[in-house]
Amino acid sequence: MGIFSGFEKLGLGNIEGEALFEDPRKKEVVVKKEEPKKKLQLVNEEDYLFDKKYKCPVCDSDFEARTVRTGKVKMKNVDIDLRPDYDEVDQNKYDVIACPACGYAALSRYFPNLNKYQIDDIRVKICMNYKHEPCKDPVYTYEYAKRLYQLCLANAVVKKAKNSEKAYICLKSAWVIRGETQRLDPNDDDYETRKAENDAQEKELLVNALNGFAMARQTEEFPIAGMDATTLDYLMAALAVETGQRDMASKMIGEILTSRVANSRIKDKARVLKEMLMEKE
């Protein structure tokens, strides 16, 4: 399945032929993850959510979107690629803000930031073709969250977003799929099939995230997607380890460990990556 697979369900099949990243100069990197564990639903996810009000910068509609209450969930772990892991609710499911009236969607950090030309392109290529599919559940299912991320990526391509923004969408999409995989029931008959499909989709997204961040690293000013140079270099090294790009991973890990500006916390995390890389030899 391609990264744009399924866009036709949103009425956006015309996006499938678009290139994901653009090289500005033309103007125009598998780690073994923890085995999935069955997560017990000991809490009601809805208790951690509220409806936040937004105004769409494309069509001026007022709407509400489900949002996680700040400080309500506690982080239990951070994956090597900086994905925060929570027991109560997967916050990544709720980070896409989508206007139900016109189809404009973006990650929360980018939602209000549009110029006139981007608005015009979105109106022509998204709004005129968008088919709204409302969430019928009080919480976002993983299927619904994945559709939101697809819509978010489609908008990013149409508005010619920075490579870093598109890379960040790919990264967070991979995180959502990983969250779903963790919550699959190993006792289900189709568990192995669904896990294999999710693992393949996650890896494709991680590869795209790495490629996008690599382009952004060369052409964009910091902070990039809210990260300083050292944090981004670590993230790219982690993505290279996860996707089996050994040469790139080894080079970037070495640069972090010999850096004069990288702090001890980042260097410790880089040493963990180095050990993981050595275990795969």
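Guide: A residue counts as buried under 20% relative accessible area, as exposed over 50%, and as partly exposed in between (1.4 Å probe, protein chains only). At 24% relative accessibility, Arg147 is therefore partly exposed. The model is predicted, so to speak of local features requires pLDDT of at least 70, and side-chain atom pairs count only at pLDDT 80 or more, while totals for chains, interfaces and linings use all residues. Residues are numbered from 1 along each chain as its sequence is written, and side-chain values use heavy atoms, with hydrogens and water left out.

Arg147 belongs to helix H2, residues 142–158 (helices are DSSP runs of H or I, at least four residues, numbered from the N terminus). Apart from neighbours within four places in sequence, Arg147 touches Leu10 and Glu133 (contact means heavy atoms within 4.5 Å). Glu133 is 14 residues from Arg147 in sequence, and their C-alpha atoms lie 9.3 Å apart.

Next come the helix pairs. Helix H4 spans residues 191–219 and helix H5 spans residues 229–242; their axes come within 10 Å and cross at roughly 145° (axes are lines fitted to C-alpha atoms over the stretch in contact, with angles from 0 to 180 degrees between N-to-C directions). On the H4 side, the contact is made by Leu206, Ala209, Leu210, Phe213, Ala214 and Arg217. H5 contributes Ala229, Leu232, Asp233, Leu235, Met236, Leu239, Ala240 and Glu242. Sorted by class, this contact has 11 nonpolar, no polar and 3 charged residues (Ala, Val, Leu, Ile, Met, Phe, Trp, Tyr, Cys and Pro are nonpolar, Asp, Glu, Lys and Arg charged, the others, Gly among them, polar).

Met248 lies in helix H6 and is partly exposed, because its relative accessible area is 25%.

Helix H6 (residues 246–257) packs against helix H7 (residues 264–279) at an angle of about 150°, with the axes 9 Å apart. H6 is therefore roughly antiparallel to H7 (angles over 145 degrees count as such). From H6, Arg246, Ala249, Ser250, Ile253, Ile256 and Leu257 make the contact. From H7, the residues are Ile266, Lys267, Ala270, Arg271, Leu273, Lys274 and Leu277. The contact of H6 with H7 has 8 nonpolar, 1 polar and 4 charged residues.

Terms used. Helix = DSSP H or I, 4+ residues; strand = E, 2+ residues; numbered from the N terminus. Parallel < 35°, antiparallel > 145°, perpendicular 65-115°, else oblique.
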